Structure formats: structure tokens, C-alpha cells
Amino acid sequence: NNDKEILLIKAIDRVHNLNTVSYLSLEKQKKQVYETIKNFLICAEELSLNHISQFFYAECIKLNIKLGVITLDSVIENQNIFDQEFSLPVSPLYRNV
């Protein structure tokens, strides 16, 4: 139970980090997105933190497009939202973007 509380606190901290990511350099922004995908998105899904995982998902899509990691066309065409190194399928919520 204590582990879940720690993960929840870390997830909430990451929400704050994504809300303030625009104040970082472009490289640090890319690193924040990558770390969020790799370490937080899947964890939030596994813990059934639905609102947090949806926030992570939406923000990572927007930031990856803004940072030029992916294009909206590639999201629609390939049905995935991240680069080749780390790839997840597009959520049904975002398929009609």
C-alpha cells in the first residue's frame, strides 16, 4: 500500500512537471516526454489511474508533435504516438484527431 502511495505522489509530481515543461530547453522537454512515456504512463495504466494516464497520453502526443518527434500525419497513418525507439498504439480516444 505504501508503494502505491509513493507511485501516486510521483505521478502527481510528473503531472506538475508536464504542466511546466515549456520552461525547459527543448532537449529537456524531449527527455521529460520520453521519461513520462517510459516510466509513468504505463505505471499509471497499471495502477488504474485513468485520469492521470489520459493526461500523460494527451500531453505526450501534443509535446511530441510540438517538439517534432512525430507528426500528426504519422500519428494518423501509423496509429502510434511516439518515435521508433519507444512506440505505443494510439488510444481509441485519439484515433479521430
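**Ser48 and its loop**

I looked up Ser48 and found it in the loop between H2 and H3. Helices here are DSSP runs of H or I with at least four residues, strands are runs of E with at least two, and both are numbered from the N terminus. Ser48 is not a glycine, yet its phi is positive, about 60°. I noted its relative accessible area as 54%, so Ser48 is exposed. The classes are buried under 20% relative accessible area, exposed over 50% and partly exposed in between, with a 1.4 Å probe and protein chains only.

**Source of the model**

I am working on a predicted model, in which local features need pLDDT of at least 70 and side-chain atom pairs count only at pLDDT 80 or more, while totals for chains, interfaces and linings use all residues. Residues are numbered from 1 along each chain as its sequence is written, and side-chain values use heavy atoms, with hydrogens and water left out.

**Whole protein**

I counted 4 helices and 0 strands. Along the sequence the pattern reads α-α-α-α. Of the 97 residues, 36% count as buried. I also took the contacts with a separation of 6 or more: residues 24 or more positions apart account for 53% of them. Contact means heavy atoms within 4.5 Å.

**Aromatic rings**

I searched the whole structure for aromatic pairs and got 2. Rings of Phe, Tyr and Trp (its six-membered ring) pair if their centres lie within 6.5 Å; planes under 30 degrees apart are stacked, over 60 edge-to-face and the rest tilted.

Phe40 and Phe56 form an edge-to-face pair, at 6.3 Å centre to centre and 65° between the planes. Phe40 belongs to helix H2 (residues 26-46) and Phe56 to helix H3 (residues 50-66), so this pair ties together parts that are 16 residues apart in sequence. Both Phe40 and Phe56 are buried. Phe55 and Phe56 make a tilted pair, with 6.3 Å between centres and 55° between planes. I then compared accessibilities: Phe56 is at 0% and counts as buried, whereas Phe55, at 22%, counts as partly exposed. The ring pairs link Phe40, Phe55 and Phe56 into a cluster.

**H1 against H3**

I checked the packing of helix H1 (residues 2-19) on H3 and noted an angle of about 30°, with the axes 11 Å apart. That makes H1 roughly parallel to H3. Axes are lines fitted to C-alpha atoms, for helices over the stretch in contact, and angles run from 0 to 180 degrees between N-to-C directions. Angles under 35 degrees count as roughly parallel, over 145 as roughly antiparallel, 65 to 115 as roughly perpendicular and the rest as oblique.

H1 supplies Leu8, Ala11, Ile12, Arg14, Val15, Leu18 and Asn19 to the contact, and H3 supplies Ile52, Phe55, Phe56, Glu59 and Leu63. By class, I have 9 nonpolar, 1 polar and 2 charged residues in the contact of H1 with H3. Ala, Val, Leu, Ile, Met, Phe, Trp, Tyr, Cys and Pro count as nonpolar, Asp, Glu, Lys and Arg as charged, and the others, Gly among them, as polar.

**H1 against H2**

I took H1 and H2 next: their axes come within 11 Å and cross at roughly 145°. The contact involves Leu7, Lys10, Ala11, Arg14, Asn17 and Leu18 of H1, and Gln32, Glu35, Thr36, Phe40 and Cys43 of H2. I have 5 nonpolar, 3 polar and 3 charged residues for the contact of H1 with H2.
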